[in-house]
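Here is a short report on one protein chain.

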Amino acid sequence: MNWFSSLFGRGHEKELAEVQHTSEEIGGLNFKTALEAHIKWKQRLKGVIDGTGSEVLDPNVVAKDDQCVLGKWIYSEGNKKFGTLPVFKEVVTAHAHFHKCAGHTLELAD
């Protein structure tokens, strides 16, 4: 969380006060929960690829970056509060790339 605090620090003292209070939330999103959800994708993808998982995932849905909690935040509250910051745009790009790669991985596994 210190990393996000340093990224969004200048000009966002109100949001940082919230972060210091909760130590996990910035601008209306619990980043710890959002990051943990994305880390679990590694396990889910591995299960699909190696056949140990029973989950059926649609590559077209997985490739969309606006369906998860983080994506919904990015395209709503996050954009409203941080959309002009270059580092926010980097987060948006990295997140979209993550979903595109996850979707492509599923396509290859099929």
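This is a predicted model: local features need pLDDT of at least 70, side-chain atom pairs count only at pLDDT 80 or more; totals for chains, interfaces and linings use all residues.

A contact means heavy atoms within 4.5 Å.

Residues are numbered from 1 along each chain as its sequence is written, and side-chain values use heavy atoms, with hydrogens and water left out.

**Confidence and fold**

pLDDT is the predictor's confidence in each residue, from 0 to 100. Its average over the chain is 80, and 78% of the residues score at least 70. Helix H2 (residues 13-22) has the lowest confidence, with a mean of 50. Helix H4 (residues 59-62) has the highest, at 93.

Helices (H or I, at least four residues) and strands (E, at least two) are DSSP runs, numbered from the N terminus. The chain has six helices and two strands. Their order from the N terminus is α-α-β-β-α-α-α-α. Of the contacts with a separation of 6 or more, 59% join residues 24 or more positions apart.

Buried means under 20% relative accessible area, exposed over 50%, partly exposed in between (1.4 Å probe, protein chains only). Of the 110 residues in the chain, 35% are buried.

**Two helices**

The expected span of a helix is 1.5 Å times one less than its number of residues.

| Helix | Number of residues | End-to-end C-alpha distance | Expected span |
|---|---|---|---|
| H6 (residues 86-109) | 24 residues | 35 Å | 34 Å |

A kink of about 45 degrees is centred on Tyr 75. The bend at a residue is the angle between axes fitted to the seven residues ending there and the seven starting there. Buried residues of H5 include Trp 73, Ile 74 and Phe 82.

H6 comes close to its expected span. Its buried residues include Val 91, His 95, His 99 and Gly 103. Gly 103 has a relative accessible area of 2%. Its C-alpha atom is 5.1 Å from that of Val 62, 41 residues away along the chain.

**Cysteines**

How many disulfides does the structure hold? It holds zero, counting a pair of cysteine sulfur atoms within 2.5 Å as a disulfide. Cys 68 is buried, at 17% relative accessible area. Cys 101 is partly exposed, at 34%.
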